[in-house]
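Here is a friendly note to read with the model open beside you.

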Protein chains: 2
Amino acid sequence: MSRLEGKVLVAQGGGPTHVINQSVVGVALEARKFTQVTAVYGAVHGVRGIVDENFVDLTRETTHNLEQVADTPSSGLLSTRDKPDEEYCARMFKVMQAHDIRYFFYVGGNDSSDTVRIVNEQAKEANYELRAIHIPKTIDNDLMENDHCPGFGSAARYVAQAFMGVNLDNRALKGVYIGVIMGRHAGFLTAASALARKYVDDGPHLVYVPERAFDTEKFLADVDRIYSKHGLCTIAVSEGISDKDHTPMITKLMGVEERDAHGNVQLSGTGALGDLLSQTIKDGLSIKRVRSDTYGYLQRAFIGCRSDRDANEAREVGEKAVQFAMWDNVDGSVVIRRPVLDYGVDYELVPISLVAGKTRHMPDEFINAEGNGVTRDFHAYCRPLLGSGLPEPHRLRAPMVPKILHK
Amino acid sequence: MSRLEGKVLVAQGGGPTHVINQSVVGVALEARKFTQVTAVYGAVHGVRGIVDENFVDLTRETTHNLEQVADTPSSGLLSTRDKPDEEYCARMFKVMQAHDIRYFFYVGGNDSSDTVRIVNEQAKEANYELRAIHIPKTIDNDLMENDHCPGFGSAARYVAQAFMGVNLDNRALKGVYIGVIMGRHAGFLTAASALARKYVDDGPHLVYVPERAFDTEKFLADVDRIYSKHGLCTIAVSEGISDKDHTPMITKLMGVEERDAHGNVQLSGTGALGDLLSQTIKDGLSIKRVRSDTYGYLQRAFIGCRSDRDANEAREVGEKAVQFAMWDNVDGSVVIRRPVLDYGVDYELVPISLVAGKTRHMPDEFINAEGNGVTRDFHAYCRPLLGSGLPEPHRLRAPMVPKILHK
């Protein structure tokens, strides 16, 4: 057991999720039990709050309010898009030393795990004893070593529920519908739209993920086939789809690209990709009623739609991170395994280098041969993650009345 | 009491809502109790199903499945955008005569109520005894004579919950956020975003409705003021906002307008307005992080988000329509009144001419003097309609830690 006395620091990085606060609260409540922990601090706005020395004292927060915040989506400690380099990490490290931080927990995706890796290396070089642990979080579900990531299940549930509604709506007033879903390099969240299917003719009829090159001609042929058959077509597409030359489809529309601090092209917060694809269908297939929605912030922050399983696991990875640090006195990244066939999870701590800065993609067995849909394997993988009490659509089964005038 | 023997026909028109099936099921279950009703038919795809003679026999549907469909969003009988003229109505009337339809219930908005008016007139001219009653439905909340319309409360709840999440998300990673909400002429649904506010600095900070002329310069000044104060700005805007010359803002962007069967410009199913406004802010205020989401189908069909009060009232207007026809032997449009100060409703039947083809707008006392927000009166009006168990966001209240290095 670690007898290292000092403070615990917890921070959140990157895009918010429905359940990221669960992990912070898991850290705070568990850490407050250990006598060697002199205080539990939260960094405001992630690593930015560390360099700016903006901390809140979570040992002076009530358990009730921590539980209330845990049940609230988005990053309660606020977040940042800063991606620290060595020099930035050195400044963070200096602040941590000044405050006698001995345990650092960073809840985030692959960029955040890389930050943990650098801070950890600097601590070792400085002979400063520090436990630095990465806690997984991402709606993209793209962290290596994990069966799935906290935050994905709830976002996937939102996407599935959205498509259940879209199926009903697009059936009532028929047309082509495109839903544009977050996912720069990994298609898991877009694929989750397939969980909306109940009736054999339910959509999404076509699912396009970044793991397969997007071909406009093939796309038009796909839509034409479905539309000819059903008189409607419902499509799920990842914001990050690219052509065979790896050019994002959105850059084909936008003259000027907007890039974020990480040098990534702006994909979210605009309806451009959906509108481009709509126009492609209108032009190429002469279908008039084509609509697109871009789910934007709603898929990761809509209050009142979350997976209970996801929330529980997000809590557990926070708790486990503290337990690994305190009882085992080790560093690394907490990962979720699925050791049982039906459903169950184990948590492990793996070396941070296995996760840091890497991206996991949809495995081939989750994508159909045509590259425009998902497999039964994906359904089996994804369904438990959506949690309990998923809503279900119902149709009338009343028989048709024999015609009198139009016999 | 009406002793007129014959069939009941129920149909749904226009855009689906979360609770429109409640009204159909209210009609079906209530009508099945009356011995003079020889069968209850449902028209498939609204008035289109009547001219095409596509009916399902709801007397051969189980009560359990009717209840399941009632709990499902969107139009279970499917819908149509057809807006019948005299000739179209004459064809409908002919089919109704052939099937001995003596009671016609049409669930829809102001266009649908106009259809009921025409059919009713033709029946009178032909000396064919028919009870034709309009049942209110619209997420736009724009039917005359009604305190509010079934379908609005659930859509309003979706918008409020969406903005609760958006507030949390935009606070975690600060920027300007624009949510584009349905509403061609009436701003009620956009205004409902204000119900998301809990903390004093919560958004939406600015709300723009079609009832007030949109001025781009004023808009930029509004955003600049909020952004300078909070470092972020959250905006709700109706898809139907127009400038002082009544030109829709969206047509200022789109060269070619798409018009639907009613001659209306296409406002939904595209992210164009949000992207236009985003670009206006980027250009005019040099703010980099500007995002927009267009809520599209989600606000009227997202499964798993509805107001229990709205669902109950949607059921009641269906039931009441049948009761007015059977017990009082009269025609008209069912309307919802709010006779008590806190909350409670009464149902009345008013002459169809008071509702048909007319549009109700937000009253002045619901819009603030600056034309960029809503009043306390609107909050008091809208809150009960969202129903029970509304989620609530929570923030950390932990105290800041004194700085050591940056003193």
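1. How many residues does helix α12 of chain B have, and how far does it reach from its first C-alpha to its last? Helix α12(B), residues 308-328, has 21 residues and spans 29 Å, close to the 30 Å expected at 1.5 Å a residue (1.5 Å times one less than the number of residues). Helices here are DSSP runs of H or I of at least four residues, and strands are runs of E of at least two, numbered from the N terminus.

2. A note on the source: this is a predicted model, in which local features need pLDDT of at least 70, side-chain atom pairs count only at pLDDT 80 or more, and totals for chains, interfaces and linings use all residues. Residues are numbered from 1 along each chain as written, and chains are lettered from A and ligands numbered from 1 in the order written.

3. Because 15 of its 21 residues are buried, α12(B) is largely enclosed by the rest of the structure (buried: 20 or more other C-beta atoms, placed from the backbone, within 10 Å of the residue's own). Asn329(B), with a positive phi near 55°, follows this helix.

4. Chain B superposes on chain A by a rotation of 180° with 0.0 Å of shift along the axis, RMSD 0.0 Å (least squares on C-alpha atoms with pLDDT of at least 70 in both). The two copies are thus related as by a two-fold rotation axis. Gly271(B) is the residue of chain B that comes closest to that axis, its C-alpha at 2.1 Å.

Definitions and conventions. Buried ≥ 20, exposed ≤ 12 C-beta atoms within 10 Å, placed from the backbone.
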